[in-house]
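Colleague: I have this model open and would like to go through it with you. Could you take my questions one at a time?

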Amino acid sequence: MSVRHGLLALLSRGPRYGYQLRAEFEASTATTWPLNIGQVYTTLSRLERDGLVSRDDQGDQDEQGRVRYAITPEGRDELDRWFAKPVSRADRPRDELVIKLAMAVTTPGVDVAAVIRAQRSATMRGLQELTRALRSLDASSEAAQRLVIDSMIFHAEAEQRWLDHCEAVLARPSEENP
Amino acid sequence: MTENRSPDRLPAPDGEPVVRMTGVVRVHGEGTGAVHALRGVSLDVAAGELVAVMGPSGSGKSTLLNIAGGLDRPTEGSVALEGRELRDLAPKQLAELRRRSAGYVFQDLNLVPSLTVAENVALPRELDGVRTAKARREALAVLEEVGLADLGDRFPDDLSGGQRQRAAIARALVGERRLLLADEPTGALDTRAGDEIIQVLRQRADAGAAVLLVTHEPRYAAWADRVVFLKDGQIVDSAAAGMETAR
């Protein structure tokens, strides 16, 4: 997940303060990825170091001395490149569940079926919560929020199917040699 | 607009689930050929609750649904529908309780093609002995609830797949049925129509019906208050939504 590019995208709409960036980032991702304000300022200072954002000279500091940031032309180029480039599998973090199950299958003494069952119940509870979140959105909600929740629903659904698949695959040999 | 009480207005018997299954065993066949479809399943569905049943093919999902609605009898164990033990009922009483209390929605819709949608929905009430005009009023009321108010005079073949399935749900709901049993009701539908069906089932539960849904689709099961996983005729796990319903 790229906080860096997310902030650039928000700044492409106009100069913003750090706290605004945080609020808008969370709103457009349906608070899926909470950001702390420290993360926002760390990222902004890296973006500034790389010449992708600058302190907005026109904008005054607000009464608390906070600074507005603006995107630079280099920042816009970087953002365009980001939108144009598909996300590759390798850019995504490894899935802990996949590693855990692979290890469970190969480690003696681990009850793989129990691992699968526990995960399936937990994943279903997550899916139930996401479904509630989706139902609670009303017509005025932003499309971005809905699509983010939809994405998580599809992921949870895929995980559920994969767990069913694992259970079925693992059940076969044990039936042949009980 | 109508003096008829809708099914969700019925007072629930205090604390009594609409359907209660206790230690249900169902064996098909005998001797070496015997198949244990259910091996001791206990499950309650309360008024206002949507319970989803998931599990691989052959895990006993449909058998469970049929037994819950009195379409099939358990080999062992008990089933109580609205507080009445089904085992104690004579076949005629059972048929009557089943018709009055439980509605069924299956993947193949079984709408009668030569009857209009409203006539299809009114049919079970007419079989109950309700007069035609009253049965029609009830049918139109329930069609409105499932969003088909304007389509009562069409024939099933004139409707989309999703609309036909909603008509089948309306037929399952008409009258004072408090238990709705749905076996893969979204099975043959595309995502959008499937979403409409699950929304109707959810609304019915929220309005006070007890809904038992068999599905293999996690995205639809996730609309339930409780999801039970069936494997080899036994409940192996369940997931309850939200802390407040987790018990």
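Colleague: Let's begin with helix α1 of chain A, then: which of its residues are buried?

Modeller: This is a predicted model, and in it helix α1, residues 3-11 of chain A, has Leu7(A), Leu8(A) and Leu11(A) as buried residues. Viewed down the axis of α1(A), the buried residues fall within an arc of 105°, so they line one face of the helix.

Colleague: And what do the buried residues of α1(A) pack against?

Modeller: They pack against several elements of chain A, among them the helices α2 (18-28), α3 (37-49) and α4 (73-84), and the strands β1, β2 and β3 of chain A are also on that list.

Colleague: Those strands, what order do they take in the sheet?

Modeller: The three strands of chain A form an open sheet in the order β1-β3-β2, and the pairing is antiparallel. Strands β1 (16-17) and β2 (53-55) of chain A stand at the edges with a single partner strand each, so one side of each is left without a neighbour in the sheet.

Colleague: How many bridges join β1(A) and β3(A)?

Modeller: β1(A) pairs with β3(A), residues 68-71, over two bridges in the antiparallel sense, and Tyr17(A) has Arg68(A) in β3(A) as its bridge partner.

Colleague: New topic: where do the domains of chain A lie?

Modeller: The domain assignment gives domain 1 as 3-90 and domain 2 as 94-176 of chain A. Four residues of domain 1 are in contact with six residues of domain 2, and the side of domain 1 that touches domain 2 has one nonpolar, three polar and no charged residues.

Colleague: How many residues does each chain bring to the contact between A and B?

Modeller: Chain B brings twelve residues and chain A brings 15 residues. On the side of chain B that touches chain A, the elements giving two or more residues are α7 (218-221), β9 (226-231) and β10 (234-240) of chain B, and by class that side has ten nonpolar, no polar and two charged residues.

Colleague: What about chain B as a whole, how many helices and strands has it got?

Modeller: Chain B has eight helices and ten strands. Its radius of gyration is 18 Å, close to the 18 Å that the globule rule gives for 247 residues, so chain B is as compact as a globular protein of that length. Of those 247 residues, 46% count as buried.

Colleague: And what share of the contacts in chain B join residues at least 24 apart?

Modeller: Among contacts between residues of chain B at least 6 apart in sequence, that share is 70%.

Notes:
Residues are numbered from 1 along each chain as its sequence is written. Chains are lettered from A and ligands numbered from 1 in the order in which they are written. This is a predicted model: local features need pLDDT of at least 70, side-chain atom pairs count only at pLDDT 80 or more; totals for chains, interfaces and linings use all residues. Helices (H or I, at least four residues) and strands (E, at least two) are DSSP runs, numbered from the N terminus. The radius of gyration is taken over C-alpha atoms; the globule rule is 2.2 Å times the number of residues to the power 0.38. A residue is buried if 20 or more other C-beta atoms lie within 10 Å of its own, exposed if 12 or fewer, and partly exposed in between; C-beta atoms are placed from the backbone. Two residues are in contact if their C-beta atoms, placed from the backbone, lie within 7 Å. Two strands pair if DSSP finds at least two bridges between them. The arc is that of the directions from the helix axis to the C-beta atoms. Domain bounds come from an automatic or database domain assignment. Ala, Val, Leu, Ile, Met, Phe, Trp, Tyr, Cys and Pro count as nonpolar, Asp, Glu, Lys and Arg as charged, and the others, Gly among them, as polar.
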